[in-house]
Amino acid sequence: YRPSQPHRQTTRVIATTTAITAIMAKLDVKLVAVPTTTQTLPQQYRKLPRVGNHVSINWQNLLAAKPDVVYVDSELADEYQAKLKEQKITMKALDLQTYPQMLKTIKYLGEKYGKQTAAKKLIAQLQIKTVHRKKHPRVLILMGMPGGSFLAMNNKSYLGELVEKAGGKVVGADPHSLYTSPNSEKIAQANPQIVIRLAHAMPTEVEAAFKIAFQADPYNQLIAVKNHHVYDVKAPVFSPTANLQVNKAYSQIKEWVNQVE
Amino acid sequence: MNKKNWLLGSMLAGCILLIFLQLSLQMNFANNWQLIFWQLRLPRLLFVLGTGLCLGLSTLLLAATLRQPYIDGSMLGIANGAELLVALLTIINANVLTYRVLVGALAGVLCLFLLRGSVFKLKTRPVFMIIGGFCLAMFFNALTVILTSNSGWTGKSMGNVTWMDVIWLLIILVGGSFFWLLYGRYLPYFALPEIQTRQLAFPENQVAMTFQIIAALWLGAATAVLGTAFFAGVVLNQLIKELTKLGLVARLPLVAIFSILMILTADTLGHFAFYPTELPTNAVLLLLLTPAFVFLIVRWSRAL
Amino acid sequence: MNKKNWLLGSMLAGCILLIFLQLSLQMNFANNWQLIFWQLRLPRLLFVLGTGLCLGLSTLLLAATLRQPYIDGSMLGIANGAELLVALLTIINANVLTYRVLVGALAGVLCLFLLRGSVFKLKTRPVFMIIGGFCLAMFFNALTVILTSNSGWTGKSMGNVTWMDVIWLLIILVGGSFFWLLYGRYLPYFALPEIQTRQLAFPENQVAMTFQIIAALWLGAATAVLGTAFFAGVVLNQLIKELTKLGLVARLPLVAIFSILMILTADTLGHFAFYPTELPTNAVLLLLLTPAFVFLIVRWSRAL
Amino acid sequence: MHFEDLQADYQSQIVFEKISARLSTGEITTLLGLNGSGKSTLMLLLAGLKSANEGTVEAIGEKIFYLPQKNQVFDYLTVEELLTINQTKDLTRLNRLIELFGLKSLLQRDISLLSGGQQQRAWLVYALSQPAEILLLDEPLTYLDLKYQQRFFEALIWQQQAGRTILLSLHDIIFAARCSQNIWFLTNNKLVSGTARKMLTGKNLVDYLELSSNYAQMLLSAIRREEVYEKRSTTD
Amino acid sequence: MHFEDLQADYQSQIVFEKISARLSTGEITTLLGLNGSGKSTLMLLLAGLKSANEGTVEAIGEKIFYLPQKNQVFDYLTVEELLTINQTKDLTRLNRLIELFGLKSLLQRDISLLSGGQQQRAWLVYALSQPAEILLLDEPLTYLDLKYQQRFFEALIWQQQAGRTILLSLHDIIFAARCSQNIWFLTNNKLVSGTARKMLTGKNLVDYLELSSNYAQMLLSAIRREEVYEKRSTTD
Ligand SMILES: Nc1ncnc2c1ncn2[C@@H]1O[C@H](COP(=O)(O)OP(=O)(O)OP(=O)(O)O)[C@@H](O)[C@H]1O
Ligand SMILES: Nc1ncnc2c1ncn2[C@@H]1O[C@H](COP(=O)(O)OP(=O)(O)OP(=O)(O)O)[C@@H](O)[C@H]1O
Ligand SMILES: [Mg+2]
Ligand SMILES: [Mg+2]
């Protein structure tokens with residue numbers, strides 16, 4: 001079964017990140033080229049030419065694909081602008097920083113390519129229900145880098161949002177910036193009941209480093225540690241920015257928050 | 001100078017080989033190759049050649065006029081300043097990107113005047129120049145990192161060169177050269193200490209400023225696309241200097257051609273080593289200079 | 001030396017004030033303050049004090065023995081090397097994190113021997129030392145950036161100092177001091193050119209190596225927690241040198257106390273300026289040194 | 001060229017005060033004084049390379065060139081490259097100087113790798129070939145062997161005859177007596193000047209150069225013998 | 001100390017070959033030679049600071065100290081700090097040297113801010129206070145005024161009498177004649193040595209220092225007069 005198509009898509013489209021590609025697949029937008037990545041791409045795009053990734057574009061493959069529009073990550077849009085403009089190619093930055101932004105982006109793409117139905121369906125699938133609680137369990141979200149250092153994520157980050165929707169309260173982070181160096185005093189005082197530790201890359205190594213760091217003060221004193229409410233998470237379900245696995249991630253978080261309450 | 005000609009010749013040959021590689025490698029002649037040649041390969045190649053010239057010679061000029069052989073524009077904050085201004089203006093108005101080479105060049109000159117108004121005044125205390133410049137560089141770098149929330153390595157690629165970039169670089173190169181021609185004959189004077197040059201019948205201050213402006217323009221223009229390549233200018237210049245033991249003017253063509261050669265190599269490697277993934281040319285350049293440097297060290301320490 | 005005592009006194013006073021602030025600011029005595037004081041504030045404070053000592057004095061030793069006033073361990077790649085090794089080993093075995101200070105110190109020494117086997121051999125050509133060291137630093141830095149997929153600024157914080165870190169730093173400081181005492185009387189010799197010292201009845205090579213090992217140990221240990229602070233060592237040392245115009249040994253206590261003061265200031269600012277957000281201490285230190293530097297420049301250029 | 005009531009200091013430590021003199025045009029003058037009396041400082045002031053605290057220096061329309069006591073370069077620089085800096089049109093003079101100071105075979109050598117005396121010879125040729133009417137040469141005999149001290153003497157006489165005004169600072173009184181018409185003695189509160197014959201007295205040597213009177217007498221007799229000797233050898 | 005068949009080069013450019021001599025213990029020897037003849041190079045070799053291509057230097061159990069022609073420091077360094085480096089137990093000698101060279105008032109001054117001659121005095125005291133049996137002093141008179149040339153002479157005689165062996169390189173033949181028992185003439189293929197009396201002949205000065213015979217004669221007669229003069233003044 002294929003969804004009915006009101007008219008044939010004429011624009012030649014390129015996606016440059018895996019998250020965008022995944023959305024395109026769900027909307028059944030035809031692409032002419034996809035990013036170079038180690039992750040598995042949706043079946044229908046696997047044979048397409050690869051144009052590098054959002055950090056390093058392969059211009060030769062990109063031009064050869066003769067695109068009309070190129071979708072890039074909003075963080076890194078600037079670098080490519082002048083070159084694409086000179087080639088009279090439209091560049092569009094898609095924002096996937098947060099959950100609502102992702103939904104907006106899906107809606108936008110659906111309208112753009114006449115896939116409103118598919119978009120609506122996808123959005124419906126991605127709906128998550130806010131949980132209301134009297135008590136909000138305190139949750140600390142950390143993002144670990146290979147090499148042993150880590151950052152605290154706040155409630156406006158993708159994972160932070162999910163935690164708050166699940167009725168938790170994000171603690172130990174700076175409310176004004178998405179990622180910051182952790183302030184151990186603040187964390188000690190906030191005394192989180194749950195700790196979620198995300199690996200930015202190399203999950204096995206990052207998890208091991210987290211374990212060691214949590215043997216020292218103040219982390220070993222936290223209620224979360226004493227009650228074994230510390231969870232290591234990783235891609236593809238969890239990531240620093242939003243992706244289509246949001247339901248899985250959310251139900252997992254909900255479960256953890258429920259346990260505490 | 002047999003050795004000099006031999007060096008020049010072999011480096012030129014290397015350049016030509018690399019130009020050929022740059023234009024032909026991974027070229028699929030079945031599929032609209034004209035577009036790729038004219039819109040990607042050629043502007044990129046031209047810009048790389050210009051960048052080599054800018055990087056090598058801007059350092060030569062700065063080092064000479066400041067009488068500080070181990071200083072280049074990256075260490076004085078000129079490169080980081082250019083990067084910062086381009087990033088800043090782009091955030092305000094994205095159209096600036098079209099003229100980034102011009103903006104970079106002007107930012108370079110701006111930084112220069114900042115420096116001339118502060119650290120350069122302490123001519124008699126070179127250490128302050130080095131420290132002050134580097135502090136400025138690190139300061140600009142920190143701001144850029146915060147502003148662009150990335151590491152400064154990512155995204156800078158010669159693959160993004162547009163014809164507009166090439167044209168502006170050419171204009172800035174030609175403009176600079178014009179002023180160079182005007183004052184070029186005074187360049188060797190800077191091998192003497194200031195107590196000597198102040199007695200020679202030439203407007204030292206004006207000449208030094210002109211050369212420094214040329215250097216800042218060129219470095220800023222190149223940096224806008226290449227990104228900062230810390231210390232590359234000094235390494236390029238000092239390798240040639242110590243290898244040939246030639247004076248300022250005599251080693252000028254060698255520095256120029258060597259810089260072009262190294263940046264060509266870096267860009268060719270960055271472009272094709274992990275094709276289709278691109279590596280940032282400035283990072284490759286630095287990685288490249290390390291082994292080149294180690295090789296020379298080994299050679300020299302044997303010769304001592 | 002009235003001026004010297006005055007400087008020492010006022011810097012000491014500053015340190016004491018800052019220590020008091022570090023321990024008391026934002027302290028909530030209602031809520032488990034003992035934990036925060038004993039497990040967080042006190043180890044952090046002690047580590048900061050040790051770091052200041054390490055940073056200032058390691059630079060003094062390196063610069064003296066290499067007879068290169070503008071060189072510090074960050075420019076030679078020792079700091080970046082320590083950072084890299086800690087990151088690398090942590091990835092291989094996370095237990096390393098517990099002993100990061102020790103690992104950092106050993107990595108520093110490893111880098112030193114790498115340098116001694118290569119660039120240091122070209123003593124007669126100081127430029128190569130500077131260039132070679134910086135290339136190495138940039139190389140290590142690039143590897144660290146790639147390895148940790150971040151910019152190198154983020155995540156490094158004095159906030160996660162453990163007692164284990166403090167104990168190791170103390171051991172390394174005491175161990176280094178022991179060897180310093182052994183050879184300390186030879187330190188002023190390094191103000192003379194090598195052609196002179198080679199004729200003095202002391203084992204120059206061995207003494208220089210010992211001092212360099214001390215410097216590498218200390219810098220590596222401090223860097224494992226602080227992260228690399230490019231040029232900070234040079235700035236700290238040269239500011240004191242040019243401000244007091246004192247010789248090597250005479251300015252030693254000034255350098256030590258000034259470094260401690262600056263790092264205390266940086267850490268206090270990093271800790272409390274945007275409380276509860278922590279700023280990386282090494283970044284704050286660099287930002288702090290820029291205005292300090294500009295202030296001094298202005299003062300000096302007026303005096304000239 | 002003349003100056004009046006000059007005062008100079010370093011970090012408000014006064015070197016000399018209220019000294020005045022006139023440099024006789026077309027003649028050779030030697031500046032004598034103890035180490036640290038301020039000879040180099042005075043030359044810096046006269047060349048306009050250091051500003052005086054007080055007093056005035058007047059040298060209307062006359063180009064001045066000062067060759068410091070110690071010289072260095074900032075890059076690889078061959079002797080030839082040095083000599084082409086600020087080259088005058090007077091190539092004849094330059095070539096004769098190169099000849100006189102035996103630089104021909106050193107032209108392609110790097111200056112900083114020459115021996116002390118070879119370097120000094122290069123700097124002397126550089127200084128003497130400058131297009132300046134007034135030359136201030138600070139201890140020009142440094143590192144020179146006797147042969148080239150003699151050559152330098154010849155160059156001085158030649159240049160004086162060509163109309164140049166020359167001020168030397170020296171510690172060699174016999175050389176000073178041989179080449180100069182005027183002598184200046186500098187101490188930190190006085191500059192006394194006069195013709196060589198009048199100034200080179202035992203008393204002056206004792207007063208201004210702090211020589212023992214024995215040593216002063218010996219030097220003076222050496223000067224006198226040399227004069228006699230020279231007269232004899234020219235009349236020979 | 002003696003050496004045999006020495007050869008030295010820079011970048012395989014030979015400076016001198018097959019030269020041999022013996023430095024007489026407890027005496028003062030002066031090394032004379034043209035600029036670039038290799039005096040400094042020879043001293044470097046003797047002090048073990050440069051290795052010879054060929055030949056051997058033997059100085060069994062004797063400490064040697066070489067003071068270069070040009071000296072510099074790498075940090076702020078007061079005169080006092082310089083003199084406390086490698087301080088010997090012989091404080092009496094040090095203090096007498098400080099007195100002799102008038103360094104008392106300069107002890108707290110930074111060396112690099114002193115005048116040329118003041119710096120040289122500091123370096124001379126530093127060298128003479130070294131605990132070495134053999135001193136190699138390369139052009140020690142550089143920048144010194146006559147007063148301190150005389151003081152240096154006194155220091156030399158005193159040190160010789162204290163049993164030290166001293167090799168000087170000089171361009172001042174009168175000074176050489178006054179202070180040294182032995183003279184070495186160095187050219188690029190020869191080193192000839194002998195007692196001062198035997199070596200200071202017109203022919204040698206003409207051959208090895210390339211003086212005109214007139215000038216050589218004049219110098220020799222000055223030396224002779226000085227000897228006469230000295231004898232007279234000591235018998236006075
Ligand atoms: N840069 C400086 N800073 C401070 N004091 C200085 C500086 N240069 C010279 N002096 C001092 O000024 C005085 C005069 O120095 P100057 O060099 O003019 O003496 P001079 O007569 O040339 O001596 P010399 O015969 O040794 O060359 C000396 O006491 C010296 O110590
Ligand atoms: N570092 C060097 N590299 C190359 N050649 C050198 C170097 N030092 C000296 N020479 C050359 O070696 C020769 C001997 O030099 P040296 O300095 O020993 O002469 P010298 O007799 O001391 O002369 P002077 O009286 O001028 O001091 C000279 O021809 C000089 O040019
Ligand atoms: Mg002087
Ligand atoms: Mg010599």
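Chain A and chain E are not in contact (heavy atoms within 4.5 Å), and their nearest C-alpha atoms are 40 Å apart. Chain B and chain E are likewise without contact, with closest C-alpha atoms at 9 Å. The model is predicted: local features need pLDDT of at least 70 and side-chain atom pairs count only at pLDDT 80 or more, whereas totals for chains, interfaces and linings use all residues. Residues are numbered from 1 along each chain as its sequence is written, chains are lettered from A and ligands numbered from 1 in the order in which they are written, and side-chain values use heavy atoms, with hydrogens and water left out.

Over all chains, the structure holds 21 salt bridges, a salt bridge being a side-chain nitrogen of Lys or Arg within 4 Å of a carboxyl oxygen of Asp or Glu. One of them pairs B:E204 with B:R67 at 3.3 Å, N to O. This pair links distant parts of the chain, 137 residues apart: B:E204 is in helix α9 (residues 204-226) of chain B, and B:R67 is in the loop between α2 (33-66) and α3 (73-76) of chain B. Helices (H or I, at least four residues) and strands (E, at least two) are DSSP runs, numbered from the N terminus. Both B:E204 and B:R67 are buried; buried means under 20% relative accessible area, exposed over 50%, and partly exposed in between (1.4 Å probe, protein chains only).

A second salt bridge is formed by B:R251 and D:D75, with the closest N and O atoms 2.8 Å apart. B:R251 lies in the loop between α10 (232-244) and α11 (252-272) of chain B, and D:D75 in the loop between β5 (64-67) and α2 (79-84) of chain D, so the pair joins two chains. B:R251 is buried at 5% relative accessibility, and D:D75 is buried at 11%. Through salt bridges that share partners, B:K241, B:R251 and D:D75 form one network. In chain D, the side chains of D:K104 and D:E99 meet in a salt bridge at 3.1 Å, N to O; D:K104 is exposed, at 57% relative accessibility.

Most residues other than glycine have a negative phi, and most peptide bonds are trans. A:K66, in the loop between α2 (59-64) and β2 (69-73) of chain A, has a positive phi near 50°. E:K18 also has a positive phi, near 45°; E:K18 is located in strand β2 (residues 13-22) of chain E and is exposed, with a relative accessible area of 60%. A cis peptide bond with omega of about -5° joins A:D217 and A:P218, the latter in the loop between α8 (203-213) and α9 (223-226) of chain A. The bond from A:A235 to A:P236 is cis as well, with omega near 5°. A:P236 is in the loop between β9 (230-233) and α10 (246-260) of chain A.

A:E164 is in helix α6 (residues 158-165) of chain A and is partly exposed, with a relative accessible area of 31%. Leaving aside neighbours within four places in sequence, A:E164 is in contact with A:N155, A:K169 and A:V170. E:P131 is in the loop between α4 (116-128) and β6 (134-138) of chain E and is partly exposed at 33% relative accessibility.
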